Amino acid sequence: MNTGTSLAARSTAARLLTALVLAEIVSAVESTMIFGALRSLYRDLGDPVTVGWTVTAFLLVAAASAAIGSRLGDIYGRRRLLLIALAAAGVGSLISALSSGAGGIVAGRAIQGIAGAVLPLCCGLVRENLPESRVPFGIGVVSSAAIVAAGIAIFGGGLIVDHLHWRWIFHIGAATAVVAWIAVTFAVPRSPRATAAREPVDLLGAALLVPALAALLLVPSQAKVWGWMDARTGALAAAGLLLLALWVRHELRARAPLIDVRLLGARQIGLANLGVLLLALGPLQSGMVLSILLQQPGQTGVGLGLSATGAGLVLAPSLILAVVVGPGCGMLAARHGARVPALMACAVILAAWGGFVVAHAALPWVVAMALLQGVGVAMAYAAAPMLIVEAAPAARTSEAAGVSSVVRHLFNAIG
């Protein structure tokens with residue numbers, strides 16, 4: 001009897017994690033596959049500013065969705081909100097695919113940005129449906145799926161553009177959203193509604209947070225156009241910070257806040273978010289930095305002269321290893337706490353970038369350090385949400401993970 005029950009529980013867990021991995025693939029496809037199409041979009045649309053908004057519009061909505069959508073999931077049911085996010089991603093993809101003008105493509109990308117809530121909702125669903133001892137492993141699986149799918153999506157976007165029309169990127173995004181929506185519908189149990197659902201939603205908190213995040217996310221992109229010392233850049237940054245301060249003040253006074261700001265001050269959650277901030281500023285920029293180093297012509301004295309495909313092949317092995325690294329960090333965290341894999345991730349990343357400082361002119365050495373660095377980033381990407389989920393109250397799991405996603409989006413843009 002016990003064996004049969006154990007097998008049934010494992011089967012249920014496997015179906016759950018498969019569905020959540022598919023949902024994460026949708027989020028990754030929506031966020032990163034567009035990079036493979038940018039060159040073709042520049043050519044066809046002829047306006048670099050408009051093309052830039054295909055990325056910016058997604059990031060703005062994704063940041064807001066990660067914060068607000070994840071909290072609404074805690075209140076009204078994470079499965080319900082996940083299905084809404086996947087449906088929005090699919091609809092947005094179709095709008096972009098079928099639009100003849102740039103405005104429709106940007107609007108579709110903005111709707112796709114609702115997928116920014118997928119990862120924090122998945123983290124909440126893992127904690128909601130798995131035994132406590134299996135939660136770190138589940139989060140490791142979902143987190144590794146996010147980083148692997150993002151890397152594959154960038155590479156796949158390039159292949160699609162080389163052999164098909166760029167609109168196929170959006171058709172594929174819509175198709176993956178449909179598949180994930182069906183999988184979540186049938187494999188993820190319904191989420192219970194929290195008692196907080198009886199209280200009114202903090203609409204003022206949402207109204208203050210969204211423009212604050214939008215202003216702060218626009219600062220790095222607009223600074224490229226206006227200049228960092230331009231008065232408009234300073235005004236935009238000041239407006240964002242002022243709105244953020246007003247939002248914090250409101251949340252501290254609200255009876256039922258949208259986001260519990262005091263929770264963010266908890267030692268482990270605060271330090272984990274600081275780690276995410278530093279990760280986004282530095283190591284998460286590694287794909288771009290290494291891609292440029294690998295493709296820069298050798299005669300410049302700083303590059304290795306590889307093709308785009310060659311650079312992709314150098315970076316690919318670390319993505320493959322991430323499939324093992326994420327769940328492995330989960331098993332380690334289940335035994336020793338999430339702090340252990342987090343510290344190991346820091347040590348691996350430091351060793352890799354120390355290796356780049358020592359030497360970066362020989363291809364075999366760069367390949368080895370790129371592999372080491374990729375493993376470290378995969379470990380950190382998996383360990384950060386484990387630290388947060390480990391310390392957050394169960395009723396606010398997705399909210400805490402969502403705020404961490406906002407931190408990552410914001411400082412990734414600055415980085």
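**Cavities, a pocket, a surface patch and salt bridges**

The second largest cavity of the structure, which is a predicted model, has a volume of about 40 Å³. Helix H1 (2–32), helix H5 (102–112) and helix H8 (167–187) are the elements that give two or more residues to the lining of this cavity. The largest contribution comes from H8, with three residues. The lining is made up of Val29, Glu30, Met33, Ile34, Arg109, Gln112, Ile169, Phe170 and Gly173. By class, five of these residues are nonpolar, two are polar and two are charged.

In total, two cavities of 30 Å³ or more were found in the structure. The volume of the largest cavity is about 140 Å³. Its lining consists of 13 residues, and those that lie nearest the centre of the cavity are Leu119, Tyr381, Pro385, Ser404 and Arg408. At least two residues of this lining are supplied by each of four helices, namely helix H6 (118–129), helix H12 (267–281), helix H16 (363–391) and helix H17 (397–414). The lining of the largest cavity contains 10 nonpolar residues, two polar residues and one charged residue.

Helix H12 and helix H16 also take part in the second largest pocket. This pocket has a volume of about 600 Å³. The elements that give two or more residues to its lining are H12, helix H15 (339–358) and H16. H12 gives the most, with eight residues. The lining of the second largest pocket comprises 20 residues, of which Leu271, Gly275, Ala342, Cys346 and Leu387 lie nearest the centre. Of the lining residues, 15 are nonpolar, two are polar and three are charged.

The patch covers about 420 Å² and is made by Leu271, Leu274, Leu278, Leu281 and Ile414. Four residues of the patch come from H12, which gives the most.

Six salt bridges were found in a search of the whole structure. In one of them, the side chains of Arg78 and Glu128 meet at a distance of 2.9 Å, N to O. This pair links distant parts of the chain, since Arg78 is in helix H4 (residues 78–98) and Glu128 is in helix H6, 50 residues apart. The two partners fall into separate classes of accessibility: Arg78 is buried, with a relative accessible area of 7%, whereas Glu128 is partly exposed at 26%.

A further salt bridge joins the side chains of Glu399 and Arg396, with a distance of 2.3 Å, N to O. Glu399 has a relative accessible area of 1% and is therefore counted as buried. Arg396, at 15% relative accessibility, is buried as well. Through salt bridges that share partners, Arg71, Asp74, Arg78, Glu128, Arg396 and Glu399 are joined into one network. The pair Arg78 and Glu128 and the pair Glu399 and Arg396 both have their residues in this network.

Asp230 forms a salt bridge with Arg232, and the closest N and O atoms of this pair are 3.1 Å apart. Asp230 is partly exposed, with a relative accessible area of 23%. Arg232 is also partly exposed, with a relative accessibility of 46%.

Pro257 is located in the loop between helix H10 (231–253) and helix H11 (261–264). The relative accessible area of Pro257 is 13%, so this residue is buried. A distance of 9.7 Å separates the C-alpha atom of Pro257 from that of Ala206, and the two residues are 51 residues apart along the chain.

Terms used. Residues numbered from 1 in each chain as written. Predicted model: local features only at pLDDT ≥ 70, side-chain atom pairs only at ≥ 80, totals over all residues. Heavy atoms only, no water. 1 Å grid on protein atoms, 1.4 Å probe; cavity = no way out; pocket = protein on both sides within 12 Å on 5 of 7 lines; lining within 4 Å. Points joined across faces, edges and corners; volume = space filled by probe spheres on them. Nonpolar A, V, L, I, M, F, W, Y, C, P; charged D, E, K, R; others polar. Patch = residues over 30% accessible without salt bridge, like charges linked within 9 Å, V, L, I, M, F, W, Y side chains within 5 Å. Areas by Shrake-Rupley, 256 points an atom, 1.4 Å probe, with all protein chains shown as cover. Salt bridge = Lys/Arg side-chain N within 4 Å of Asp/Glu carboxyl O. Buried < 20%, exposed > 50% of the residue type's maximum accessible area, 1.4 Å probe, protein only.
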